[in-house]
Structures are given as C-alpha cells and as structure tokens.
Amino acid sequence: MKQILVIHNGEGGETSNYSFMGQALLVRRAGCGGNAERARALIQTNDGQVDAIALEGMPVTLELGGARRPHELGATLPPVAERTPVVDGSGLRAGLERWGVILADRAQPGIFAQKHVLMVPGLNHNGLAQALGRRAADLRYADPIVYFNLPAVPLVGSRGTLDQASGPTLDQLKDAAFDRLQPLPGNPPEPRDASAFAWADVLAGDIGVIRRHAPADLKHKTIVAEWATDEDLADLRERGVNILITMMPALDGRGELGRWSAATIEAIMVALRPDPTAPLSEDTYLDLMANLDWTPAVRYLQPGEAGINRFAFVIHPLSIKFIHNDKRFRWTKALPDGLVESFSARIPPFYLSRITGGVSPTTGQRIEGHLISLGATPRQMMNHGERFTYDKLNQAARIAERKGARIMGLGAFTSVVGDAGITVAHEADIAITSGNSLTVAATLEAAKQAVIKMGATDLTQGKVMIIGATGSIGAVCSRLLAQAIYDVVLVSIEPERLIELKRTIQEETPGATVAIATRADDYLGECDLIVTATSAFGQRIVDITKCKPGTVICDVARPPDISKEEAALRPDVLVIESGEVLIPGDIDFGYDIGLPPKTAYACLAETALLAMEGRFEDYTLGRNITMERVKEIYRLFKKHQFQIAGLRSHDEYVTDEMVAEKRVLADQLRADPALFARVQSESAAKLATIPVSSKGVKAGRNRGALPWVGAVAAAGAAGALLLRRRK
C-alpha cells in the first residue's frame, strides 16, 4: 500500500484509505497552520516513511502568464526531504486543468462557450486560463483585486495587460504568506470591488479565494475549482451558484466530486510511478495521466437546473410600428420613421427574455429558451445586403451560446435573407435551424383544418395554388400538397425553377395536374386553397377580389402578404395565418411576441422541439427543404405532444361563428352569379383605393439613406436606453 502525506496550511488532520488507478492508498492529512517551520518538521519526521509528500496551499513556485518566480518560503521546503519526493501540484496542475476543460466541455457541450470568465486567481492556474480562454468570449484576472484590492477599472486584470503586469505582480507576491496566496474561506478584512464578479459568468481558480473574496450574491454563476468539500458546496449553493466543476480526479470513484488538490494528485502520481527512479518531468506525468479514467465532476447546485436543454430564437421588428409599440422605444414616434427604422437596423442584437416552462409529457425532458432580437425590419435587411444580416446573426449566436443554448432558430425574415441560414450555420459554433420544416407541417395542418371548416368533404377534388412556389417553404408545400390534392398551380417569378419544380412533382406524384405561372391572377378564380409564401415587398401578392367564393388563403409569409384591409373586402373568403403551435408545458415567453399567451410561431416551435428531442444539429437550412425532414419533424411534433393552436386571421382567432357566416356568404355567391359579379366589381373598386403593398411596405416608397446628423442624435439616446436594458 502506497502512503501519502498531505501537509496543508490549515489545522487538524485525518487518515483515510482509498483505491486509485487500481492501487491501494493510505492518505494522511496534517495541518501546519501556514507555518513553514511546522511544515519542515512534518517533512523531516516523515522523510523515508511515506512514498510522497504533498504541499497543499504552499506553492514552491509562482506562475502568472509568462512570468515565473520561486516563492521564498515554499522553495525551501522540498530540499528538507532527502529520500521522499515533495511536490506542490505544479508538475501536473496545468496539464490536468487543460484536459479537464476539454472533458467537461464534452460532457456538457457549450458549458464554457462565449462566457465571461474571471480567474480568481490566475496565479498558478495558467493551464485553466489558457483552456477557458480558447472557449470564452472574454477572460479577465482578479489577481489585482484579490491580492492588492485594486478597483475593477478598464485594463486592470485584462488579458491585454497580463504580459506587462505578471512579472511585477509576482515580484510583490514571492515573499507573501501562504494564507495570503491561497486563503481559507472567510470574510476579508476589506471587501473587494464586486463589479468584476458581477460581470463574470464563470469564476475559475481556487475555492478558498473565491469564497473569501467573491460577493455574497453569485446567482447563476459557474464555479471552476481544483477541488471542493461538502462545506464549499453548501456555501456556494446558498449564494446562488448554479454549477460547480472540479478539475482534479476524485479518489472516491469516476465522476465523483474532486475533493483533492493538484498537490495531492501529483503526490499520488509520484508514488504510483512504475519506475520509482523516473524523473518528475512533464513526460512522466503525461504518461501517468494517460491511464486515468476520469471526467471532471459537474454538479448542478440549484433545484431544477440539471437536465434542461436550452435553445435560442431570433426575432426582429416586422415593421416600424413594432418599434414604436415597444415601451422602450415609444419616444421614437416623435422622430421620422425613416430615421428610426434605419438606425434601429444598426443596433447590436440584444437579449429580450427567457422562455420557461416547456416540458415533454412523453419523456419529461425540460427545455428553456432565450429570445434575442435584431433591430432591423425586413426592408432594412433587404436594403443592407446579406452580409449585414449574417454579421448580426453571428453576434446573436454568441449571445445564445453565452446563455447556454445549443441550437438557435431564425425567426421571420432572418430565415429568408441570403442562403436561408447556411452561411450562419457555417460561421457559428451553435447549431442553426430556420424552423421551416415545422412551418411547412403546421401550415399544411392549418390549411387542412381551414378547408374542412369551410365545407370541403373531399380534398382530392379541389385545386390549390402556391404563390412563391419556388421558395424554400413554397417548394416543399407544393410537393406535399400535390400528393394530397393532385391539382396544383405553381406561381413564382422564377420561370426556370418553376419548370424544374413541375417536373419534380410529376415524377413524385404521377397523375398530378400541375400548372405553372408567373402571375396568380388567371388562376385565382379556380382555386379552393391558396398558400402564399413569398418574400416580396411593395406589390400586391393576391388580388382577393378575383378569388372564388369560399376560398381559403393560408398566408405563410412573415410579415404577411395580405393585409387586413384587403381581407375585409371579401368576407366570404377565409384568410388564415400559417399554423401557430402550442408547446407542451406551462410556457411563458417573458415577452410579447405578438401571439396569444403560450402560442408560438412554428419556426420557434421547431427550435424548441429539437431542443426537447436533444437534436442539437443544423436541421432546416437553405431553400431546399426536404420532405423527409418535414415528415420527421411532424413525427417529433406528435411524439412530444405539441399541438396546432386555434386558427387565426390577422391577430384574431377564427371562431366557428365566423366560419359559419363565411360559409353562408359563400353559398349565396355560388348560387347567384349576378350577385357574385356585383360583389367582385364593388370589392375591386375598393381595392383600387388601397395602396399596393406587401409586408407592410408600399410600392415606390422612398428608401433613401439615413440623414447622418439625425443618426448621431438618435444613436446617443437609443444607445443609452439599450445599455440600461442589457445590464
């Protein structure tokens, strides 16, 4: 049995038996109260009696960044022993910390991604700082704060000043008392500046330093430390810490909380060397570490926090009225619309709210979402070009990762711009979906319900038109509808793609009748169902006055293609939005997304559904949505008991009474052609008075550049407002 002595800078001791890497160990702890003379006496007494001695909290050397100094007291301790190796953990700490970060990230993907990390301290934790720095959005050092009580002002503790500050810092600490370098928990004589701790998502370093100098409120923080005790866990839990990760292997078993310091683990490794004469070098330690079957312990300390799958979803204002209606921006009503809309597009993405309460009745899997908003309207996205929106979405992806999300959905026009998510998915580290697969499935389900409500008894005998048929949603809708209805009209401004789509449908669905057109007008009077899914602006997508009595129009576009004023011209026609979805659980979006409570857009619901299923992968991207993906997402929809919400038309639920009135009117018009002709003539005259538009954008509207002087004035006010919001 190998025997290890651990000399720590506290008081008291204990002896325990363990099995580590298949070897029996006797580990004895003895306190020296931070007194070097007592430590020397313990070393002398046990020299030759034990296989290795660990100095816990008594470093032999000090390292920070690229600087290295011997500690004036610590360096005198190892030479006291003539036969037994004496180590302080520095031989393997950096390697185990770097490896531990990799293993923890594999066990909990994204746990460090885009986080704000504060090293508490960075002293003797170069490996941890390097590994976390590769994954974090920003990393700072609390060493000036904890050791010198400096304020957390810009540049103090930054990575940019580390090279200049590390040497002088170690010069000041090389003769410091052990209990100053690695203090035990307790209240410091003078409180430290708490702002750096508030900034951080992750506090990494020594558990004693963190407990002593961090503020009492550590809600939602992640702590990364070498080791921790049950007392540490209780304190961190009371202070609101969400996650504790210990970087050193546990002697009690794989996955258990690491309760032993790097010095102890190094001493054990030294004792377990197959060749006792092997040098205590990096190569020797690496060879020993390669035999470890180990994963850092990741403990969720708050009830209900473990096992939640997280997602994010990007929204944006559909028109200028959405900006004016937001209570934070109501003051913008006093400014010209063009100024406000143009400036809003330039603001960075910002965090809106947390989506809570989602849970699968089938598997019990809980989900949590995060809403992130861009400031650009669809028109501004089109005006600025694809790269502008890609960059904003990449910024949003980094916010999503910082919140712990592993998949991000693209809402409204963000899924239309450019290549429909492909570039963003390639450039971002988080999984991306446009949500269009479930949008298609929900649209078809809503359309089916609507035509049945309007009196259809045999869908195969009807005729359907898809406007925007060559788009990402329109194309797969066309193919699936052709399999159900057999008589389809495909409308698009891309003739060559219409031909290709027609041939695809005829190959997939022999016997289907497929007509193609670049304008909808000639076929409107023949169709029972019209699905419109365009990205067009400033034009009339559907002349509703030409529709046959009782037509159902399913408007998939966001913003919608058909205005409320246009729909009102034909009260016999049912215009519905694409299928909205009810996510299972007590859903709270934390923000008004423009739908009734607990109701989500299908694209948002797809993102939530993929998180619930644990499918953190790029799912629906580009303009070629596959029918296989649509069918698969619908199976998951059924599996987790998502539901189609009630049919809606221009923000109003479609009631049975409303449908009954439309059916009566439609029957009257079908029975009386003269009456129908008069209704068409009158509605056409009224339509002529309504400005031609779609997506809320009028034809020929000025898209001039933002006046530079006005932009500066607006920027100051809105920027300050957003900063207050994001704190």
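Student: Which residue in β17 is the bridge partner of Ala312?

Tutor: Happy to walk through it. This is a predicted model, with local features needing pLDDT of at least 70 and side-chain atom pairs counting only at pLDDT 80 or more, while totals for chains, interfaces and linings use all residues. Residues are numbered from 1 along each chain as its sequence is written, and side-chain values use heavy atoms, with hydrogens and water left out.

The bridge partner of Ala312 in β17 is Met408. Strands here are DSSP runs of E with at least two residues, helices are runs of H or I with at least four, and both are numbered from the N terminus; two strands pair if DSSP finds at least two bridges between them.

β14 has another parallel partner, β16 (residues 366-373), joined to β14 by eight bridges. There, Phe313 has Leu371 as its bridge partner.

Now for the surroundings of the strand. Eight of the eight residues of β14 (residues 308-315) are buried, so this strand is largely enclosed by the rest of the structure. Buried means under 20% relative accessible area, exposed over 50%, and partly exposed in between, with a 1.4 Å probe and protein chains only. Both faces are covered: Ile308, Arg310, Ala312 and Val314 are buried on one side, and Asn309, Phe311, Phe313 and Ile315 on the other.

A cavity is a set of points on a 1 Å grid over the protein atoms alone where a 1.4 Å probe fits but cannot get out, and lining residues have an atom within 4 Å of a point.

The lining of the largest cavity consists of Ala345, Leu374, Gly375, Ala376, Met381, Phe388, Thr389 and Lys392. Helix α15 (residues 386-402) gives the largest share of this lining, three residues. By class, the lining has five nonpolar, two polar and one charged residues, where Ala, Val, Leu, Ile, Met, Phe, Trp, Tyr, Cys and Pro count as nonpolar, Asp, Glu, Lys and Arg as charged, and the others, Gly among them, as polar.

Methods
On a 1 Å grid over the protein atoms alone, a cavity is a set of points where a 1.4 Å probe fits but cannot get out, and a pocket is an open set with protein on both sides within 12 Å along at least five of seven lines; lining residues have an atom within 4 Å of a point.
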